[in-house]
Amino acid sequence: MAALPQHLDIHLIRILYLLLVEKNVSRVALKLNQPQPSISASLRKLRELTGDPLLVRGARGMVPTQHGESLLKPAKRILDETESLFIKKSAFVPEEAARTFHIAAPDYLDTQFLPNVVAAVRRGSPNSRVAIHGMGAGADYLRMLSDGEMDLVIANWDEPPAHLHISKLFEDPIVCTMRADSPYAKRTAADAMTIEDYLSLPHVAPSQTLPGYHGVIDSFLARQGMHRKIAVESPYFGLIPYMLTQTDLVLTTGRQFMRFYEKTLPLKTFTMPLKFPPMRFYQLWHQRVHQSPEHKWLRDQVSQAARAMIQK
């Protein structure tokens, strides 16, 4: 197969298409407001490029050759697709839109945060869908963002990838929680936990969400040269508070997350004996959607839900 000419321009393809449609050099020259010799020169160039006469004399004027006829549809398609590249994108109207928004988020967020995001999207764009994706070690979220499979990742990773856009949502102070009638909880005041106690108690922790990433709690402890005793790992974070009620396990997590469960479960929350930095949650997205009107709208809904939660 011959190599594609490096300088084959759209104007030449337009001339090819018009010649095959009009079958007349003079009429093409008039349509394009160009001198006839210029169109004749373009026809000669096209014949050289294709190795075919393209137009030959027939009984009543010029007619396309068989090869010329076969080029008519491809030329039209190229011209149509090229024109569509420069059609100004219409404004995003949430009330009329019908698209699917894909959001990956951990389940240890505030119990009202994601429901509020979903409610905001449903109110603003009732014909659109929301797909919430759980976070596990098996998914490549960075690739999914860059390939367009995911719109947003909501996370609290210690070091978000530098090439992604980031918007802070909220902070959540760290607390330690356990069953209120456990032996340790009954004998220890809420503000009297020691570092030694904390490290030696049996902990339940979420499973990894990224390969090689052990979460903000254990990453912080490792930087201090410390290590806690994790007895249970669970990918179902929403079930962990219920595990606490039947075991001697302790959970280290955000105050915002525990606020809901403390109202309904017999739990006791302790002040951390270490100065943990708060969990920082943010939304992440790829450059490919940074200027997209519908994506900006989605990010606004997420940010507003975060602000409403903080103000509660």
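Glu22 counts as buried because its relative accessibility is 18%, where buried means under 20% relative accessible area, exposed over 50% and partly exposed in between (1.4 Å probe, protein chains only). The model is predicted, so local features need pLDDT of at least 70 and side-chain atom pairs count only at pLDDT 80 or more, while totals for chains, interfaces and linings use all residues. Residues are numbered from 1 along each chain as its sequence is written, and side-chain values use heavy atoms, with hydrogens and water left out.

**Salt bridges**

- The count comes to 11 salt bridges, each being a side-chain nitrogen of Lys or Arg within 4 Å of a carboxyl oxygen of Asp or Glu.
- Glu22, Arg27 and Lys31 are linked in a network, in which Glu22 meets Arg27 at 3.2 Å, N to O, and Lys31 with the closest N and O atoms 3.7 Å apart.
- Arg27 is partly exposed at 41% relative accessibility, whereas Lys31 is exposed, with a relative accessible area of 53%.
- Asp218 pairs with Arg228 in a salt bridge whose closest N and O atoms are 3.0 Å apart; because Asp218 lies in helix α10 (residues 215–223) and Arg228 in the loop between α10 and β9, the pair ties together parts that are 10 residues apart in sequence.
- Both Asp218 and Arg228 are buried.

**Nonpolar surface patch**

- Tyr236, Leu239, Tyr242 and Phe260 form a nonpolar patch on the surface, with about 430 Å² of accessible area together, as given by the Shrake-Rupley method with a 1.4 Å probe, only the protein chains shown counting as cover for residues.
- Leu239, in the loop between β9 (229–234) and α11 (240–244), counts as partly exposed at 47% relative accessibility.

Notes
Patches are made of residues with over 30% relative accessible area and no salt bridge: like charges are joined within 9 Å, nonpolar side chains (Val, Leu, Ile, Met, Phe, Trp, Tyr) within 5 Å. Helices (H or I, at least four residues) and strands (E, at least two) are DSSP runs, numbered from the N terminus.
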